[in-house]
Amino acid sequence: MARLNLLEETRYEKLPVTVYPNPAAGAIAVAQRIAALIRSKQANNEKTVIGLATGVTPIAVYTELIRLHKQEDLSFKNVITFNLDEYYPMQPTAIQSYVRFMNENLFDHIDIDRANIHIPDGTLAEDAIAAFCLNYEKKIEDLGGLDLQILGIGRTGHIGFNEPGSAPNSGTRLVTLDDLTRTDASRDFGGKQGVPTKAITMGVGTIFKAREIILMAWSKKKATIIKKAVEGELSSEVPATYLQLSEHVEFVLDEPAASELTRFDTPWLVKDCVWDNEIKKKAVIWLSRKVNKPILKLIDEDYNNNGMAQLATEQGPVYEINIDIFNQIQHTITGWPGGKPDADDSQRPERAQPAKKRSVIFSPHPDDDVISMGGTFIRLVDQGHDVHVAYQTSGNTAVWDDDVLRYMEFAIDFNKSRGDDIAKLKRIHNDMRTFFAKKQPNQIDTPEVRDVKGFIRKSEAIAGARYAGLHDDHIHFMALPFYETGKVTKNSVSQVDVQMTVDLLQKIKPHQIFAAGDFADPHGTHIVCFNIILAALNQLKKTEDWVKDCWLWMYRGAWFEFATHEIEMSVPLSPDEVMRKRMAIFKHQSQKDPAVFPGEDAREFWVRAEDRNRETAESYDQLGFAEYAAMEAFKRYYF
């Protein structure tokens, strides 16, 4: 019976999928399978031939394999590896090289024979690539093929660098990279202009011959393409769909990456549900949108025809279900994000007391505050709350080099106009120009350059916070040490980062904390900063009574927005407030026209913010609520 239930749940899925609660659990499981394969082959005195992938996804797997080697005597002496791909052209010592990536993340830490490592050669003359690719294929065939192929997946649905349009029988070859793939890689190359246009990749046909294939994907940002790959029709536009034809493939996902699969996104379509309030709310909102009716106009027929007859039977009549969900959503709407003084707060998202709250807005980067919750920020100040803003990092990697020269030239002219000595400033300026002329993609800036970039972002953040109404003594710059590496890759969080946050919170003793909960942030900074806040709060609540009365609200907006059923507080914005928010964002001039790291969305940040806030308001309107110009959304986090 359990097996039948599983088949029913997964009937939309065209290949096996295993879901783990988080990337760490999934990575450990994959690493254990690799280790078991290696040991099994060793027992028979056989070689293990493994296809390896690069990128963020497999790093945790490699970390676990290193641990298994060092702590559990896993030997790689019988292992032969073939990497999927390499940029072309690419020097093996370059920061972005997959040769360097594999050495740093795996090969330098295990006992593999270097002669058994194979990675496409990005230094070849172009007329030598075809022969190299044929030889690459022959080496794999001569070894009897790949025992196991590890894969990630790109947002285009590519596996390796097999971009949309790749043939299912394609072999190792030189390919032209999709524009979206180059955009996604831009952060590693200091901007899209530095990303190679070509790459050498194993073909789909080569991958398909592996005796076992494991495709891994972590995070919400992979959910859409995973749904297409797992549930979609075979298509050259999504090369990963070809894996549906294999009898030896498995997708290993974390819960966010699996979240758009039917069994997780709309489970009532595939099985009987336990209709707790969360799933009931999600289902009713989904139904309202599917049949294009406001919630209060839904009828029995709508429920019965769309997989929700069980809910109607168990908790009906449906009109009472509609009223219940309508009221819950209505109670999220408030014009008083700090609580409405002297009002009944039993149906409001925030407490009425104390009437004037101490609020701290944590901003991972120096502009997340105004981009994601600028309207609420201004509203809190206007309503008389004691508002602080804390910028957790300097954001100094996200400033264009020519902006540094512009500000330096301003400083030189200003000092000259005052009659001050400008010789030292001119020397620094000349050194910067020389450095920029020779700077390689993602090369670490000099300390002077990093300082100026940090000062630029600091001055912009001050301007934005002042515009929102804050006094300077309520604007805090933390510059958490984990971030201050000068590199895209940051250091691990230390107790110093946590203690700095503890000290600030203890100084303010807030009733409210607003923190970025947009964990799909492509830089990874948001979730790191959020976890630092959690660690600080968990440390403080052991000794400080004020923490028991402190509420933590998560905001989003820079990258994604909360789904309507997740929202616990929605703050409507008038057209005038939308414009005030826009002007606060405009104070961050270095992040416009365009930003250094715009992510996967081509729109400027202020446009994204306004579009998302308008879409949130429209989603409420479509459900039958009052029509607002825009809304900012929040979800409470219980720590």
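Predicted model: local features only at pLDDT ≥ 70, side-chain atom pairs only at ≥ 80, totals over all residues.
Q: What radius of gyration does the chain have, and why does it agree with that of a compact globule?
A: The radius is taken over C-alpha atoms, and the globule rule is 2.2 Å times the number of residues to the power 0.38. The C-alpha atoms fill a box of roughly 85 × 80 × 45 Å along the principal axes. Because a compact globule of 639 residues would have a radius of gyration near 26 Å, there is agreement with the value for the chain, 27 Å.

Q: How far apart do the centres of the positive and negative side chains lie?
A: Lys and Arg count as positive and Asp and Glu as negative, with His and the chain ends not counted, and each charge is placed at NZ of Lys, CZ of Arg, CG of Asp or CD of Glu. The chain has 76 positive and 91 negative side chains, and the distance between the centres of the two sets is 3 Å.

Q: In what order do the seven strands of the open sheet lie?
A: Helices (H or I, at least four residues) and strands (E, at least two) are DSSP runs numbered from the N terminus, and the chain has 22 helices and 17 strands. Two strands pair if DSSP finds at least two bridges between them. In the open sheet the pairing is parallel, and strand 1 (17-20) and strand 5 (117-118) are the edge strands, each pairing on one side only. The order is 1-10-9-6-2-3-5.

Q: Why is strand 10 largely enclosed by the rest of the structure, and how many of its residues are buried?
A: V249, F251 and L253 point one way from strand 10, while E250, V252 and D254 point the other way, and all are buried, that is, under 20% relative accessible area with a 1.4 Å probe and protein chains only, where exposed means over 50% and partly exposed in between. The strand, residues 249-254, is therefore largely enclosed, its buried residues numbering six of the six.

Q: Which residue of strand 10 is the bridge partner of I214?
A: Strand 10 pairs in the parallel sense with strand 1 over four bridges, where V17 stands opposite F251. With strand 9 the parallel pairing runs over five bridges, and there the partner of I214 is E250.

Q: Which residue of strand 9 is the bridge partner of L151?
A: Strand 6 (residues 148-151) and strand 9 (residues 213-217) run parallel and are joined by three bridges. In strand 9, the partner of L151 is L215.

Q: How far apart in space are I50 and I150, C-alpha to C-alpha?
A: I50 is found in strand 2 (residues 48-52), and it counts as buried because its relative accessibility is 3%. Leaving aside neighbours within four places in sequence, its contacts (heavy atoms within 4.5 Å) include V79, F82, L146 and L148. Although I50 and I150 are 100 residues apart in sequence, their C-alpha distance is 7.7 Å.

Note on methods:
Residues numbered from 1 in each chain as written. Heavy atoms only, no water.
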